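Hi there,

Here is the structure I promised to pass on. Could you have a look when you get a moment? My notes follow below.

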Amino acid sequence: MADKNGPDGTGETGRGKQRQADIRDDDLERRRRELEASLATRRPDRLEGKDAKAGSAAGYGQALKLSSEFIAGIVVGAGLGWIIDRVAGTSPWGLIVFLLLGFGAGVLNVLRSAGLMAEFGQGDKARDPKE
């Protein structure tokens with residue numbers, strides 16, 4: 001009994017004597033084709049020849065553009081607030097108010113750039129973000 005490893009004493013794990021039929025290569029090939037077809041319908045952009053590296057580079061470019069627009073809004077707001085505080089002597093209220101306005105402007109710029117909000121003067125029509 002020491003040389004038998006399986007839980008049922010036969011040296012095999014699983015169902016023991018009730019072996020299932022072996023899975024044939026053609027069955028595995030059929031299942032693989034069905035899986036590929038299912039994935040192709042869910043992700044059609046992958047099969048259109050788009051390279052993964054080109055897609056990630058475009059994603060990095062878009063992320064850099066959005067983050068720079070957000071940071072620029074905050075920096076411009078803080079700069080204007082600091083200048084107004086120096087000229088008018090209202091320290092720190094000008095900086096606080098314009099920093100908040102810059103934050104709002106940065107968020108607005110990001111939403112416009114991402115296509116989630118209509119451009120100024122275009123009414124209610126938002127751009128398609130996939131374009």
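A helix here is a DSSP run of H or I of at least four residues, and helices and strands are numbered from the N terminus. With that in mind, just after H4 comes Gly115, which takes a positive phi of about 85°.

Please remember that this is a predicted model. Its mean pLDDT is 78, and 63% of the residues reach 70 or more. Among the elements, H4 has the highest mean pLDDT, 93, while helix H2 (residues 44–47) has the lowest, 54.

H4 is built from 22 residues and spans 32 Å from first C-alpha to last, close to the 32 Å expected at 1.5 Å a residue. Its buried residues are Gly94, Gly102, Gly106, Ser113 and Ala114. Viewed down the axis of H4, these fall within an arc of 140°, so they line one face of the helix. The face turned away from that buried side carries Trp93, Leu100 and Leu101, which are exposed.

One residue on the list deserves a second look. Ser113 belongs to H4, which covers residues 93–114. Because its relative accessible area is 11%, under the 20% cut-off, Ser113 counts as buried. What does the side chain of Ser113 make a polar contact with? The partner is the side chain of Lys65, at 3.4 Å.

Happy to hear what you make of it.

Best wishes

How values were computed: Residues numbered from 1 in each chain as written. Predicted model: local features only at pLDDT ≥ 70, side-chain atom pairs only at ≥ 80, totals over all residues. Heavy atoms only, no water. Helix = DSSP H or I, 4+ residues; strand = E, 2+ residues; numbered from the N terminus. Buried < 20%, exposed > 50% of the residue type's maximum accessible area, 1.4 Å probe, protein only. Polar contact = N/O pair within 3.5 Å; in protein donor to acceptor, adjacent residues only side chain to side chain. Expected span 1.5 Å × (residues − 1). Arc of directions from axis to C-beta. pLDDT = per-residue confidence, 0-100.
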